[in-house]
Amino acid sequence: MIVLWWLVAIVLIATAVWTISARKPVYSVVALLTHFLALAVSYIMLSAEFLGVIQVVIYVGAILVLFVFVIALLSSGVGSFSVGPDKMKKAAWPAGIVTAIAFGLLAWKLGGAIASTPVTANISTVAGEAGAFGSVADFGKALFTTYLLPFEITAFVLMVAVIGVILLAGDQSVHAPSRERADRVAREMREAIVRGGEE
Amino acid sequence: MSGAMPVAIGNYLALSSIIFFIGVAGVLLRRNPLIMLMSVELMWNAANLLFLAFARVWLNNAGHVFAFLVITVAAAEAAIGLAIIVTVFRTRANVDVDEVGALRG
């Protein structure tokens, strides 16, 4: 277990470095994919089986595919898209110093957090058992009872995101601000409401 | 998995903060918006790892729920970020963030 943990940790850090230092975005995506798979392994080692599956399905299956689509879309026909680590040399020192200071502050504060954390309890339930810690049943029960309101708010956030994406990247001519079009839509809505009231 | 946690929580804190600051460095150093977005994803996931590690330590599945919500918000963020990149690229044929200063005012 410990050997696997260190292996996963090394893979996580190496692929994270590869993600930010790759010359082309598509290599970054490959590195990030390996990173997410290793992360799913570490989630399962933390008894969060459902979250491990979600990690693979949503991140690898949806978000990274979206990244690949956008890279494919932007790379077609235009030459100068895949720029390398352009400003890296100029910005390396200031960025490194800022990052190191922030990391030091975080490590300093986290030292106290470790001291106040209890000794880890062993899990007595068997993985896969109904109601075991981290199982789908356990997770779903928490999500739909105690955390129902955050869940609903997340659904709303996703809806806003969908509308925003359609507005941003959709067919621009449909959404062009046009006075006549707005008037027509308003008139149609008014007629529909009147019709609904008559029935 | 049943049984004990593989390593102490301190290791998870160290691993998570290292990954988080690799993400910070990526946002600061790179000027390709796609790689900057991926660095942001790295930061989300570092936070998620810590949520799950502490959920395991306290045997409290609130951390699982929060990690799930974080994944959802990260998905929304990635979708909108990529849509903005596509829109900018469509109008400017250029995706270097230093070249795109229209929002500077």
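**Helix packing and the contact between chains**

Helix 2 of chain A and helix 3 of chain A pack with their axes 8 Å apart and at an angle of about 175 degrees. This is a predicted model, in which local features need pLDDT of at least 70 and side-chain atom pairs count only at pLDDT 80 or more, while totals for chains, interfaces and linings use all residues. Residues are numbered from 1 along each chain as its sequence is written, and chains are lettered from A and ligands numbered from 1 in the order in which they are written.

Q: Why is helix 2 of chain A called roughly antiparallel to helix 3 of chain A?
A: The angle is about 175 degrees, on a scale from 0 to 180 degrees between N-to-C directions, with axes fitted as lines to C-alpha atoms over the stretch in contact. Angles over 145 degrees count as roughly antiparallel, under 35 as roughly parallel, 65 to 115 as roughly perpendicular and the rest as oblique, so helix 2 of chain A is roughly antiparallel to helix 3 of chain A.

Q: What makes up the contact of helix 2 of chain A with helix 3 of chain A, by class?
A: The contact has 19 nonpolar, two polar and one charged residues, where Ala, Val, Leu, Ile, Met, Phe, Trp, Tyr, Cys and Pro count as nonpolar, Asp, Glu, Lys and Arg as charged, and the others, Gly among them, as polar. Residues meeting here include L33(A), F36(A) and Y43(A) from helix 2 of chain A, and L51(A), Y59(A) and F67(A) from helix 3 of chain A.

Q: How do you know which way helix 1 of chain B runs relative to helix 2 of chain B?
A: Their axes come within 7 Å and cross at roughly 165 degrees, which makes helix 1 of chain B roughly antiparallel to helix 2 of chain B. Their residues in contact divide into 18 nonpolar, four polar and no charged.

Q: How is helix 2 of chain A oriented to helix 2 of chain B?
A: These two helices pack at an angle of about 5 degrees, with their axes 11 Å apart, and that angle makes helix 2 of chain A roughly parallel to helix 2 of chain B. Among the residues that make the contact are L32(A), L39(A) and Y43(A) on one side and L34(B), L49(B) and L52(B) on the other; the contact as a whole divides into nine nonpolar, three polar and one charged.

Q: What makes a residue part of the contact between chain A and chain B, and how many residues does each chain give?
A: Two residues are in contact if their C-beta atoms, placed from the backbone, lie within 7 Å, and the contact takes 75 residues from chain A and 62 residues from chain B. The largest share of the side of chain A, twelve residues, comes from helix 4 of chain A, and this side divides into 60 nonpolar, twelve polar and three charged.

Q: What makes a set of residues a nonpolar core, and which have the most contacts inside the largest one?
A: Such a core is a set of buried Ala, Val, Leu, Ile, Met, Phe, Trp, Tyr and Cys residues joined through C-beta atoms within 7 Å, a residue being buried if 20 or more other C-beta atoms lie within 10 Å of its own. The largest has 61 residues, and those with the most contacts inside it are L51(A), I19(B), L34(B) and L52(B). Helix 2 of chain B supplies the largest share of this core, 14 residues.

Notes. Helices (H or I, at least four residues) and strands (E, at least two) are DSSP runs, numbered from the N terminus. A residue is buried if 20 or more other C-beta atoms lie within 10 Å of its own, exposed if 12 or fewer, and partly exposed in between; C-beta atoms are placed from the backbone.
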